[in-house]
Amino acid sequence: MRKVYVLSYSLMTAGRHYDKGLRELAGKVLLDALERSGSYDVDMIVLASALSDVVEEQLLASSIVCEYLSLENVPNIRVELGDASSGAALRYAYELVRTGAVDKVAVICADKIADLVSTRANKVLSYLCDSTYESYLGVTQAAQAALMTRAYMRRFDYRYEDIAMWSVKMHEHAQNNPHAAMRRKISVKDIMSSEVVSDPIRLFDTAVPLDGASCIVLSSEPGREFKIVLEYSSTACCNASLCMRPEIDRLYTLERFRDLASKFSPTLFELCDKFSIFGILGLEALGLSERGKAPRAIAEGMFDPGSKVVVNASGGLKCMGYTVGACGGYLTCCLIMELLQDKLNVGEHSVGLVCDVAGIDRASNVLIFRRES
Amino acid sequence: MPAYTVPVPRYWRRIGTYYRLEASRCRNCGRVYYPPRMRCVCGCKDMEKIRLLGGKFQLIDFTVLHSVSEDFEKQKPIFVGIVEESSTNVRIITQIVDVADVSDLEKSREVEPVFRVVKRDGNVGIICYGTKFRPKIVG
Ligand SMILES: [Zn+2]
């Protein structure tokens with residue numbers, strides 16, 4: 001098996017990009033990443049997008065993006081695994097390069113959601129639940145995250161203010177991230193006085209749905225500027241409804257990656273935090289914090305930039321935006337920037353772990369990157 | 001916007017599960033699934049259809065959902081809860097209705113299935129029904 005290198009990357013700050021469709025968003029980041037890679041030659045384009053058909057009524061979206069850049073003969077495919085499409089696409093690309101099927105592949109992580117009014121967006125995002133039996137009755141991802149939050153608070157005797165500290169921390173971290181959409185500091189009081197999304201979750205404690213795109217080019221050869229190896233990539237699944245799990249306040253898929261921490265010793269992490277409870281449970285699932293103790297560790301600043309282990313120095317999805325199928329692309333690009341100490345300087349680290357989570361813990365993808373000197 | 005969005009067959013084929021809470025029970029190990037499954041975790045494919053509708057249900061937990069999706073704008077806020085059928089231990093995530101006061105849910109943990117309109121599909125589409133749950137009326 002061959003080594004897989006990150007050749008280049010690019011991202012645009014997520015936002016309400018009303019002036020751009022999926023092809024413009026995806027085309028821009030692909031163009032930038034290919035130019036930085038030194039050549040427009042690429043063997044394969046993989047587009048991670050959860051919503052291209054639902055929002056833009058476009059199938060074969062990856063082909064349309066290639067056409068936009070006149071990459072007329074480049075093979076392409078779209079990968080969809082809900083809001084973990086990016087991690088799944090990166091894993092697919094990793095396998096293509098590792099096995100020698102292709103030498104250079106560009107993974108575009110792009111989605112549009114901000115075109116939709118909020119109730120329509122809520123409906124589309126509820127497709128991440130079981131549409132026939134859950135969304136049909138009005139159940140949404142936020143409602144399920146609220147139930148997880150309640151269960152966790154009850155089990156370990158936390159107040160919602162303790163959970164919301166995750167968001168406060170994310171906003172602190174985001175101040176140093178030029179690609180964070182939300183960079184204003186917020187307080188627990190701001191969160192507690194924002195409107196209720198699903199009791200106890202409040203608006204300022206959620207990642208705002210935004211349009212976004214990023215691109216990561218993987219290759220069997222390193223580039224001239226830096227050497228970052230994608231060392232490991234895998235997916236774990238829990239194909240069952242939330243309510244049938246023994247404990248609803250756990251991320252079972254991420255727990256299966258716990259031994260990676262000792263195997264690869266990552267000290268940088270970018271975790272999916274579409275809701276604060278996901279960030280908290282992610283820390284506990286990966287063994288970065290003991291079960292039931294993550295909110296205290298977060299409040300004490302144990303994972304802040306400058307610490308031994310740094311988590312979500314980017315400000316996470318909370319501050320970069322919830323870009324649905326594109327979420328993992330943002331986490332990955334920021335982790336690469338942190339490893340390179342490029343714009344996101346959080347200290348000297350050589351190994352980092354990224355994970356994205358699909359729906360209510362139906363799947364998670366883990367990627368481990370190592371900087372080589 | 002199209003005048004209607006729910007194709008009739010997609011609704012019609014769910015009438016058993018939506019109206020009568022039809023679940024599947026494994027003839028080998030007795031596990032019960034709602035939504036129904038074709039194959040049990042034990043590996044057995046011999047599943048029989050059972051109805052949860054007459055069962056006894058407990059409310060496990062609930063949340064008040066304010067930021068609803070577009071079909072539920074007129075009903076908001078809605079109560080989303082996890083209920084458990086006591087003889088099968090099946091848990092369902094569903095809508096809780098007829099909640100006069102949130103404290104009713106804290107006190108009255110026993111809930112019962114109730115047949116209700118779920119949504120009206122535009123001006124010319126069908127009216128969709130289903131089973132929701134309400135705090136059990138005693139007496
Ligand atoms: Zn069985």
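This is a predicted model: local features need pLDDT of at least 70, side-chain atom pairs count only at pLDDT 80 or more; totals for chains, interfaces and linings use all residues.
Figure 1. Cys26(B) is buried, having a relative accessible area of 2%, whereas Cys29(B) is partly exposed at 35%.

**Figure 2. Nonpolar cores.** The largest nonpolar core comprises 173 residues. Within this core, the residues with the most contacts are Leu30(A), Ile108(A), Leu218(A) and Leu52(B). Domain 1 (5–117 + 211–219) and domain 2 (141–206 + 229–371) of chain A each contribute at least three residues to this core. A second, separate core has 5 residues, among them Cys26(B), Tyr33(B), Cys40(B) and Cys44(B). In soluble globular proteins, nonpolar side chains tend to be buried together.

**Figure 3. Surroundings of Leu30(A).** Leu30(A) is one of the residues with the most contacts inside the largest nonpolar core. When neighbours within four places in sequence are left aside, the contacts of Leu30(A) are Ile45(A), Val65(A), Leu69(A), Leu71(A), Ala106(A), Ile108(A) and Cys215(A). Among these partners, Ile108(A) is likewise listed with the most contacts inside the core.

**Figure 4. Two domains of chain A and the contacts between them.** The domain assignment of chain A gives domain 1, covering 5–117 + 211–219, and domain 2, covering 141–206 + 229–371. Taken over C-alpha atoms, the centres of domain 1 and domain 2 of chain A are separated by 24 Å. At their contact, 33 residues of domain 1 meet 37 residues of domain 2.

**Figure 5. Salt bridges of Arg155(A).** Over all chains, a search of the whole structure finds 40 salt bridges. Arg155(A) pairs with Glu247(A) in one such bridge, with the closest N and O atoms 3.8 Å apart. Arg155(A) lies in helix H6 (residues 141–156) of chain A and Glu247(A) in the loop between strand S8 (228–237) and helix H9 (252–255), so the pair ties together parts that are 92 residues apart in sequence. Arg155(A) is partly exposed, at 41% relative accessibility, and Glu247(A) is also partly exposed, at 23%. A salt bridge also joins Arg155(A) to Asp249(A), where the closest N and O atoms are 2.8 Å apart. This pair links distant parts of the chain, 94 residues apart, with Asp249(A) in the loop between S8 and H9 of chain A. Asp249(A) is buried, with a relative accessible area of 0%.

Figure 6. In chain B, the closest N and O atoms of the salt bridge between Arg116(B) and Asp98(B) are 2.9 Å apart. Arg116(B) belongs to strand S7 (residues 110–120), and Asp98(B) to the loop between strand S6 (91–96) and helix H3 (102–107), so that distant parts of the chain, 18 residues apart, are linked. Both side chains belong to partly exposed residues: Arg116(B) has a relative accessible area of 24%, and Asp98(B) has 43%. In chain A, salt bridges with shared partners join Arg155(A), Glu247(A), Asp249(A), Arg250(A), Glu255(A), Glu284(A) and Arg291(A) into one network.

Figure 7. His17(A) is located in the loop between strand S1 (5–15) and H1 of chain A. This histidine is buried, with a relative accessible area of 15%. Residues up to four places away in sequence not being counted, His17(A) touches Met12(A), Leu25(A), Lys112(A) and Asp211(A). Gly38(A) lies in the loop between helix H1 (22–37) and strand S2 (44–48). Gly38(A) is exposed, with a relative accessible area of 53%. The C-alpha atoms of Gly38(A) and Arg224(A) are 9.3 Å apart in space, while the two residues are 186 residues apart in sequence.

Definitions and conventions
Residues are numbered from 1 along each chain as its sequence is written. Chains are lettered from A and ligands numbered from 1 in the order in which they are written. Side-chain values use heavy atoms; hydrogens and water are left out. Helices (H or I, at least four residues) and strands (E, at least two) are DSSP runs, numbered from the N terminus. Buried means under 20% relative accessible area, exposed over 50%, partly exposed in between (1.4 Å probe, protein chains only). A nonpolar core is a set of buried Ala, Val, Leu, Ile, Met, Phe, Trp, Tyr and Cys residues joined through side-chain atoms within 4.5 Å. Domain bounds come from an automatic or database domain assignment. Contact means heavy atoms within 4.5 Å. A salt bridge is a side-chain nitrogen of Lys or Arg within 4 Å of a carboxyl oxygen of Asp or Glu.
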